[in-house]
Amino acid sequence: MREYIAKYAPPAYDPFAGGGTIPLEAQRLGLEAHASDLNPVAVSINKALIEIPPKFKDRPPVNPEDQKRKELESWKGTQGLAADVRYYGQWMRDKAFKRIEHLYPQVEGKTVIAWIWARTVKCPNPACGCQMPLVKSFSLSTKKEAWVDPMVEKEEKTNDLKIRFEVKTEKGKAPERTVGRKGARCIACGTPVPLEHVRSEERAGRMGQQLMAIVAEGNPGRIYLSPTDAQEKIAFSAQPEWKPETELSTHSQYMAVPRYGMTKFSDLFTDRQLIALTTFSDLVSEAKERATQDAAGNKAYGEAIATYLGFSIDRLADRN
């Protein structure tokens, strides 16, 4: 049936292909598949899904590591292409780490998985005035009974109230959240704060951030650690040379953050994240050149590798 379809069936064409499900299934049936879309993201996805894989089918990888095993293994379908994507992706990761490792220090000799931050705004109560954290949940893990305990303290010199976070890994109850859809609550004085105050503070450029907890690799599983001044200082030392200044859509269907004064794409990320994303983006071009050289100057193959590596950076930006 597949042979008959490939020989006699007309080609399949999806003019509004989107993610490419229809042309992909047509291709799997043996049909000649064509796709188009007005959205350049959809076009890129279709290229990666239905155009690139057949072009480099049954080819061994070109990277020097897998080249050593070329004679020992048979590379079927897209196995060789996938091996190269993995190799050059790992190469990018290693290069990026060397360039920006000073911004991602270990804690107690352990590799950090995540830094958890809280947005802060000044409490409108004149008798308080502390930078109150806006936290949806102080719980870190129900399995390991890890949670964040906010401690209210006074500055020695100014006598101002401030919040210090301490991670607890013991039985206990995490505090109630301090922000929701209807408004916020100051954890220092208990003052209820309308949501409009939070939004106006951000629009005025007065919203801050405070390190709340650190998640690191443990053995086994994850461990949760209290923040340190040194870790916070390193994060704030990040100074990106470039930021995406494109304006965010103000349509409520797509993005609600402009209500809080976050009007550009760069506002969605911390400075440290922007440096990491820019570093990885630069390395995609370098990986493309490297793959092209390893493929004996085959530019199309280098561009194919860069396409998949570019998607991985897209996913990284999405997760961040």
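How accessible is E51, buried, exposed or partly exposed? I looked this up and found that E51 counts as partly exposed, at 36% relative accessibility; buried means under 20% relative accessible area, exposed over 50%, and partly exposed in between (1.4 Å probe, protein chains only).

**Entry 1: the model.** I note that this is a predicted model, in which local features need pLDDT of at least 70, side-chain atom pairs count only at pLDDT 80 or more, and totals for chains, interfaces and linings use all residues. Residues are numbered from 1 along each chain as its sequence is written, and side-chain values use heavy atoms, with hydrogens and water left out. The chain averages a pLDDT (the predictor's confidence in each residue, from 0 to 100) of 92, and 99% of the residues score at least 70. Helices (H or I, at least four residues) and strands (E, at least two) are DSSP runs, numbered from the N terminus.

**Entry 2: salt bridges.** I searched for salt bridges (a side-chain nitrogen of Lys or Arg within 4 Å of a carboxyl oxygen of Asp or Glu), and the whole structure holds twelve. K55 and E51 form one at 4.0 Å, N to O; they are four residues apart in helix 3 and therefore separated by about one helical turn. K55 is partly exposed at 49%. K47 joins E51 and K55 in a network of salt bridges.

R99 pairs with E286, with the closest N and O atoms 2.9 Å apart. This pair links distant parts of the chain, R99 lying in helix 5 and E286 in helix 8, 187 residues apart.

**Entry 3: helix 5.** I recorded 22 residues for helix 5 (residues 79-100). Its buried residues include Y88, W91 and M92, and what covers the buried residues includes helix 3 (40-55), helix 8 and helix 9 (299-319).

**Entry 4: R199.** I located R199 in helix 6 (residues 195-203). R199 is buried yet has no salt bridge, and the nearest side chain of opposite charge, E196, is 4.5 Å away. For charge, Lys and Arg count as positive and Asp and Glu as negative; His and the chain ends are not counted. Leaving aside neighbours within four places in sequence, R199 is in contact (heavy atoms within 4.5 Å) with R259 and Y260.

**Entry 5: E176.** I found E176 in the loop between strand 7 (161-169) and strand 8 (183-185). E176 is exposed, at 51% relative accessible area.

Key
Expected span 1.5 Å × (residues − 1).
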